[in-house]
Amino acid sequence: MLPHLDAAYRFARWLCRPPSDADDIVQEAFLRAFRAFEGLRGGDVKAWLLTIVRNCHASALEQQRRRATVPLPDDYEAEGSPSPESVSAADEERRALRRLVAALPEEHREVLVLREMEDMSYREIASVTQVPIGTVMSRLARARAALRGNWLKDAAGEPSAVR
Amino acid sequence: MQCAEALRVQAYFDGEVDAVSALEVERHAEHCAECRSLLEHLADTRLRLRRDLEFPSAPSALRTSIGRLLDEETGQVAPGVAAPGVAAPAVAAPAVAAPSVAARARRRPRWRLRPLWLAGLGGVGAVFAAALALLIAAPWATNAVLDELVSAHVRSLMPDHLTDVVSTDRHTVKPWFAGHVDVSPVVADFADQGYRLLGGRADYFEHQRVAAVVYQHGAHFINVFAWAAAGRPLPQYTTRSGYHIACWRLGNLQYCAVSDTGWDELQGLTRLLRAAGSADTPQ
């Protein structure tokens with residue numbers, strides 16, 4: 001078992017568009033982590049690893065942008081769309097929630113994911129995202145408010161999506 | 001439009017505030033409908049996210065390919081530095097890799113090497129952390145008194161724990177100590193200088209009853225502990241878990257002031273108490 005691999009993978013899935021890029025990012029991150037390991041001085045290994053994942057994602061994005069060949073796909077549900085018959089209302093709700101989180105701006109999405117899914121403290125999130133704690137707090141508040149606002153809108157706009 | 005306390009309410013929800021702030025937030029939410037509904041929304045959002053979103057594990061193909069990648073990586077490195085674990089302090093080394101083990105591991109299937117990496121990332125990190133903590137904090141690392149001081153300070157901030165005798169009058173507080181603790185510390189009210197005397201409390205640590213005089217400065221509480229001086233001297237100024245601690249001796253008493261105020265504020269009170277103490281104490 002590689003430590004924190006699942007956390008690194010989950011985080012990468014939320015960062016990457018499309019999520020299938022997560023595999024490459026995580027692989028790259030573990031390689032970098034492995035090479036840089038001797039440079040690690042104390043601290044939280046999980047936060048350190050997720051910081052590397054985030055950096056790998058940023059540099060991959062930068063490369064894509066420079067080559068400007070790959071348009072960023074907006075469809076996060078591309079892979080594994082189930083056949084229409086098998087979609088229950090609860091499934092539909094889950095997919096809607098996932099789409100809403102994925103649609104948040106990246107700087108909001110990452111703090112939300114680290115706080116709610118990885119259960120990290122403000123301090124740890126600040127170290128992963130490399131911003132002050134105050135910024136973490138305000139981004140988190142905006143992310144939560146936006147998510148809530150969007151799903152209320154979503155529920156009102158698409159009555160078919162909820163049972 | 002949004003309540004000014006919203007960020008603090010969020011921090012409270014996320015478990016990021018101390019006991020005093022938590023109490024304040026709870027009191028505030030009793031009166032502020034907006035913050036009450038914010039708390040509900042926060043809980044609702046968390047529930048939905050944690051319940052409805054999938055938490056995928058890394059696919060086994062990814063796991064395998066990373067394992068292979070790291071094997072190759074290890075193979076490239078000279079035997080002496082085969083694994084990062086080798087560079088770690090002696091504690092980790094025996095558990096991890098003598099060069100020969102690493103050399104064998106390279107020819108073996110991946111699972112043989114995984115523990116290396118695991119021990120590397122998990123164990124060595126911990127060892128580094130421990131070593132670093134020791135290096136930085138060495139002079140006081142073993143000084144449990146400082147930890148006890150911070151614990152006592154934090155405990156005092158729990159609801160209804162701050163003072164046993166509530167008074168802004170030193171002539172009430174000081175005699176109260178006579179019946180409740182083993183020492184008679186300096187007690188004075190410095191309200192004019194911004195340090196209001198709130199009262200006194202008896203605490204117990206270092207195997208003795210300790211006097212705690214409580215002051216308020218702005219929104220902050222300062223506990224000034226006093227007990228019969230014995231053993232090693234404490235550092236004059238230090239910080240534990242984010243709380244500043246100032247220690248000094250006066251006569252045969254050890255004083256320690258603990259608070260989350262800034263250094264300047266804490267030192268201000270320290271100076272006043274020392275001055276008052278030297279004027280008071282004949283020794």
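In chain B, confidence is at its lowest in helix α5 (residues 99–107) of chain B, with a mean of 39, and at its highest in helix α1 (residues 6–13) of chain B, with 93; the score here is pLDDT, the predictor's confidence in each residue, from 0 to 100. Helices (H or I, at least four residues) and strands (E, at least two) are DSSP runs, numbered from the N terminus.

This is a predicted model, in which local features need pLDDT of at least 70, side-chain atom pairs count only at pLDDT 80 or more, and totals for chains, interfaces and linings use all residues. Residues are numbered from 1 along each chain as its sequence is written, while chains are lettered from A and ligands numbered from 1 in the order in which they are written.

Chain B averages a pLDDT of 75, and 73% of the residues score at least 70. Over residues 77–115 of chain B, pLDDT stays under 50, and it also stays under 50 over residues 134–142 of chain B. Where pLDDT is low, the predicted coordinates should not be read in detail.

Let me turn to the strands, where two strands pair if DSSP finds at least two bridges between them. Strand β2 (residues 196–205) of chain B runs antiparallel to strand β3 (residues 208–217) of chain B, and nine bridges join them, with B:D203 opposite B:V210 in β3(B). Their hairpin has two residues between the strands, and B:E206 takes a positive phi near 55°.

β3(B) also pairs in the antiparallel sense with strand β4 (residues 220–228) of chain B, over seven bridges, and B:H217 has B:H220 in β4(B) as its bridge partner. Two residues lie between β3(B) and β4(B) in this hairpin, where B:G218 in the turn has a positive phi of about 60°.

Methods: Contact = placed C-beta atoms within 7 Å.
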